[in-house]
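Work through the exercises below with the sequence and the structure side by side. Try each task before reading its solution.

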Amino acid sequence: MLDIYSQPFPNLQKYFKKILAQTLIITGEKDFINPPIIGSRLNKLIKNSQLVEIPNATHFAHLENPDLFYKELNLFLAKR
């Protein structure tokens, strides 16, 4: 595991731009692993994406605010 995390992070922007599927991006407002700015960048790169930020949640928004997390997930899936 340490070897994986010590490697430089590859630039994946060119791949994100190729995603055509409708995509839900959920981030926690206080996420320290993937801060909300990352979600915002992904939202701009992925054409058919929707960004949801869970207030007061960290990287574990699905555990910290499961009601809102699953509400947003269900709303997204219901549109499909």
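**Exercise 1. Classify Lys47 in this predicted model: is Lys47 buried or exposed?**

Solution. Step one: take the relative accessible area of Lys47, which is 69%. Step two: apply the cut-off, where exposed means over 50%. Lys47 is therefore exposed. Lys47 is found in the loop between helix 3 (36-45) and strand 2. Lys18 is 29 residues from Lys47 along the chain, and their C-alpha atoms are 8.6 Å apart in space.

**Exercise 2. Describe the chain: how many helices and strands does it have, and in which pattern?**

Solution. Count the elements: there are 5 helices and 2 strands. Now read along the sequence: the pattern is α-α-β-α-β-α-α. Next, burial: 25% of the 80 residues count as buried. Then contacts: among those with a separation of 6 or more, 65% join residues 24 or more positions apart.

**Exercise 3. Find where confidence is lowest and where it is highest in the chain.**

Solution. Start with the average: the chain has a pLDDT of 90. At least 70 is reached by 89% of the residues. Then go by element. Confidence is lowest in helix 1 (residues 2-6), with a mean of 58. Strand 2 is highest, at 98. Where pLDDT is low, predicted coordinates should not be read in detail.

**Exercise 4. Determine the geometry of the aromatic pair.**

Solution. The structure holds 1 aromatic pair. The ring centres of Phe69 and Tyr70 are 5.0 Å apart, and the planes stand at 80°, so the pair is edge-to-face. Phe69 counts as buried, at 16% relative accessibility. Tyr70 is partly exposed, with a relative accessible area of 42%.

**Exercise 5. Contrast two residues of the loop between strand 2 and helix 4: Asn56 and Thr58.**

Solution. Begin with Asn56. Its phi is positive, about 60°, although Asn56 is not a glycine. At 56% relative accessibility, Asn56 counts as exposed. Move on to Thr58. At 17% relative accessibility, Thr58 counts as buried. Finish with its contacts, not counting residues up to four places away in sequence: Thr58 touches Gly28, Lys30, Asp31, Phe32 and Glu64.

**Exercise 6. Locate Glu29 and list what it touches.**

Solution. Glu29 sits in the loop between strand 1 and helix 3. Its relative accessibility is 34%, so Glu29 counts as partly exposed. Glu53 is 24 residues away along the chain, yet the two C-alpha atoms are separated by 5.8 Å. Leaving out residues up to four places away in sequence, Glu29 touches Pro36, Glu53, Ile54, Pro55, Asn56 and Ala57.

**Exercise 7. Which residues of helix 3 are buried, and which elements do they pack against?**

Solution. The buried residues of helix 3 are Pro36, Gly39, Leu42 and Leu45. They pack against helix 2 (13-16), strand 1 and strand 2.

How values were computed:
Residues are numbered from 1 along each chain as its sequence is written. This is a predicted model: local features need pLDDT of at least 70, side-chain atom pairs count only at pLDDT 80 or more; totals for chains, interfaces and linings use all residues. Side-chain values use heavy atoms; hydrogens and water are left out. pLDDT is the predictor's confidence in each residue, from 0 to 100. Helices (H or I, at least four residues) and strands (E, at least two) are DSSP runs, numbered from the N terminus. Buried means under 20% relative accessible area, exposed over 50%, partly exposed in between (1.4 Å probe, protein chains only). Rings of Phe, Tyr and Trp (its six-membered ring) pair if their centres lie within 6.5 Å; planes under 30 degrees apart count as stacked, over 60 as edge-to-face and the rest as tilted. Contact means heavy atoms within 4.5 Å.
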